[in-house]
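I opened a new structure today and kept notes as I went. Here is the model I worked from.

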Amino acid sequence: MTPTGQKSRSFPSARALATALALVCFAVWWPVRQHEFLNYDDNLYVTENDTVVRGLTWEGFVEAFDRHHAHNWHPLTILSHMADVGFFGLNPGAHHLVNVALHAASAALLLLLLDGATGSPRRSLAVAALFALHPLRVESVAWIAERKDALCVLFWLLTLLAYAGYARRPSRLRMAGVGIVFALGLMTKPMIVTLPCALLLLDFWPLQRISLPPSPGGAADWAVFRRTLAELAREKIPLFVLAGGLAAATFLIQQGGDIVQGGKGLPLSARLGNALVAWCAYVWKSVWPSGLAVYHPHPGGWPLGVVAGAGLVLVAASWAVVRGARSRPWLFTGWFWYLGTLVPVIGLIQVGGQAMAWRYTYIPSIGLTVVAVWGAAGISRNWPRRDALLTATLTLALLACVVGTRRELRHWRDSVSLFARAWELTGDVDVAALNLGAALHERGRLEEAFVVYAEALQKEPDNPRVRDNLGLTLAAAGRPREALAQFEAALRVAPGDPDILNNLGNLLAGQGRAREAVEAFNQALKARPDDPETHNNLGLALDVLGDTDAAVAAFEAALRLRPDYPFALQNLGLTLAASGRLTEAIASYRAALKLKPDFPQAETALGLALAETGDHRQAIEHFRAALRLEPGFAAAEDGLARSSAELAGQAP
């Protein structure tokens, strides 16, 4: 390998290498074009997100900045999903390939950044290629909901490139450019908040804007070092302010969403112990990436010996890195980059129930890979046939990465494959078994879902979520009595649970037991009064009972909580139309169709209401629109025939 600062004349240009690496990325990740949406977060971000499924609209643009989504404020991420829907609709393969394009661009930018900062194209290519093709990247690239990861890394690297330009020729304008790109990155994922600290590491190496005093150094040397460090930190104050503001806002949002388990969840000792183990586990999985599941449940606490061992390893490694900082500055930057960029997601503030997640290594892995590549070059400095050995080693490592990545991609092709793998590896009930059962249910593989739920109940007989899901599957299988028994058993364990009560209400309503359904929905609303879906379901049950005013009030309550709820608008329209309030009903149907243009039921209901007013020409247009969306839709065909006959009878 060429030493830092010297470029081989025979080696291709950095731009050519970056282009080639991006193409290799596409070749390796190409299978994702056949992958599906997952039932784990893809619904929250795309398929069931009313803001996103409308595509790019002005209202959606405002909502992306005005609201938080999935317990985070990341408007650029939401806008990117909206753009995908606008261009590709709900074609999951296209959404996946956008993730691949972003990942390929990040790999190319990483190569350009390192080559420009170190002058070592071979090492830069090695780092970027290992980063691009490693199996630990699968979770970030092959998961549509992790678009925020792909965008975050892209803006992270764009910010570093802007900062490298500033470091070469400092000016207020260039630093303003750094701040603008960083601000955009903050709108993609909160993990980017550690970037200002990473810039200080880059100041040490490879930008060499600061260096340690000679050993032994005098008081004057250390005074200069401290003064320089203070100046470098001071120039980044605006970046620290931006990062601190987003970190505080994210904490408040997540705490409000009841997913932060701080003092009221896992004790500090358990969180700290898991953090130490996770820091070590991520290093090991970077070397040997096997047994990867989408979700690894938090153990609640590791044995003291395991925690102590992990802590000793981290302390010893960090001490050795600090000791060698003068002679091996790349080791200092790479190691503390790895440790520091993991801090927001290491679990000291526990968000969710996972012990660790491989997507969290996306940015930190860059530091580890720098350590590995520059370390290999340093260790082999005096070896005979050094370049050939390093090239062969890198080639084998990249081939292993490609094989491992392709193997992992097979597990991500759909929800059944993904959670069957997680269930096999972890035996976790709350995420793996429940999502696997739900995915099997959705595909109509009900008997297989029953097997999963039976196995889950053997592990956790009193788990109310399993019994709730089992009840839904039994209802779908036409076994309402057994479904009712499961919902009742779930409520004995979790009385007042709004999700279970809502599902129970739907079952009762489907059996014609509307009064009992109303009671179940009202109990659910006592526990969670701000749930628009339950208000909508209550309105349907009240409408069956003939309590029109109460039904209208329930639908309106749903719409106050969620103005962009097309099903509540349609149901409100049906209730208004049944009571003779056709003008209001027509307005409600039109509002539903504005939110959801592919809504054949609303098109048909609007056609029927217009026909009732005598406007058969417009009614026919809507019946035809409904039939284009759902050919053979009986109600639309019947309405079309009646309105056509009416028009024919009116002809002179």
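**Entry 1: the whole protein**

I noted at the start that this is a predicted model. I looked up the secondary structure and found 32 helices and four strands. I then looked at the overall extent. The C-alpha atoms fill a box of roughly 100 × 60 × 45 Å along the principal axes. Next came burial. Of the 652 residues in the protein, 53% are buried. I also checked how far along the chain the contacts reach. Among contacts with a separation of 6 or more, 68% are between residues 24 or more positions apart.

**Entry 2: helix α16**

I asked myself whether α16 is mostly covered or mostly open. The helix is mostly covered, with 10 of its 13 residues buried. I listed the buried residues, among them Pro 329, Trp 330, Trp 335, Trp 337 and Thr 341. Then I looked for what lies over them. The cover includes α9, α11, α14, α15 and α17.

I also tested the length of α16, which runs over residues 329-341. At 1.5 Å a residue, its 13 residues should span 18 Å. Its end C-alpha atoms are 18 Å apart, so the two values agree.

**Entry 3: α16 against α17**

I picked α17 from the cover and looked at the packing. The axes of α16 and α17 are 7 Å apart, and the helices pack at an angle of about 155°. Angles over 145 degrees count as roughly antiparallel, so α16 is roughly antiparallel to α17. The crossing of α16 past α17 is left-handed.

Which residues make the contact? On the α16 side I found Trp 330, Leu 331, Gly 334, Trp 335, Trp 337, Tyr 338 and Thr 341. On the α17 side I found Pro 364, Ile 366, Gly 367, Leu 368, Val 370, Val 371, Trp 374 and Gly 375. I sorted the residues of this contact into 11 nonpolar, four polar and no charged.

**Entry 4: α1 against α6**

I moved to another helix pair. Helix α1 covers residues 14-29 and helix α6 covers residues 92-118. Their axes come within 9 Å and cross at roughly 150°. α1 and α6 are therefore roughly antiparallel to each other. Here α1 passes α6 in a right-handed crossing.

The α1 residues in this contact include Ala 14, Arg 15, Leu 21, Phe 26 and Trp 29. From α6 I noted, among others, Val 100, His 103, Leu 111 and Asp 115. The residues of the contact of α1 with α6 divide into 16 nonpolar, one polar and two charged.

**Entry 5: two buried residues**

I looked up Ala 164, which sits in helix α9. Ala 164 has 8% relative accessibility, so it counts as buried. Apart from neighbours within four places in sequence, Ala 164 is in contact with Leu 113 and Leu 207. I also took one distance. Ala 164 and Arg 174 are 10 residues apart in sequence, and their C-alpha atoms are 9.8 Å apart in space.

Then I went to His 535 in helix α26, residues 532-544. Is His 535 buried or exposed? His 535 is buried, with a relative accessible area of 13%. Leaving aside neighbours within four places in sequence, I found His 535 in contact with Leu 525, Pro 529, Ala 554, Ala 557, Ala 558 and Leu 561.

**Entry 6: the loops**

I started with the loop between α11 and α12, where Pro 206 is found. A cis peptide bond joins Trp 205 and Pro 206, with omega about 10°. The loop between α11 and α12 also holds Gln 208. Gln 208 is not a glycine, yet has a positive phi of about 55°. At 60% relative accessibility, Gln 208 counts as exposed.

Asp 41 lies in the loop between α1 and α2. Its phi is near 80°, a positive value in a residue other than glycine. Asp 41 is partly exposed, with a relative accessible area of 23%.

I ended with Arg 169, in the loop between α9 and α10. Arg 169 is exposed, with a relative accessible area of 57%. Arg 169 and Gln 486 are 317 residues apart along the chain, and I found their C-alpha atoms separated by 68 Å.

Note on methods: Residues are numbered from 1 along each chain as its sequence is written. This is a predicted model: local features need pLDDT of at least 70, side-chain atom pairs count only at pLDDT 80 or more; totals for chains, interfaces and linings use all residues. Side-chain values use heavy atoms; hydrogens and water are left out. The expected span of a helix is 1.5 Å times one less than its number of residues. Buried means under 20% relative accessible area, exposed over 50%, partly exposed in between (1.4 Å probe, protein chains only). Contact means heavy atoms within 4.5 Å. Axes are lines fitted to C-alpha atoms, for helices over the stretch in contact, and angles run from 0 to 180 degrees between N-to-C directions. Angles under 35 degrees count as roughly parallel, over 145 as roughly antiparallel, 65 to 115 as roughly perpendicular and the rest as oblique. A crossing is left-handed if the near helix is turned anticlockwise from the far one by less than a right angle, and right-handed if clockwise. Ala, Val, Leu, Ile, Met, Phe, Trp, Tyr, Cys and Pro count as nonpolar, Asp, Glu, Lys and Arg as charged, and the others, Gly among them, as polar.
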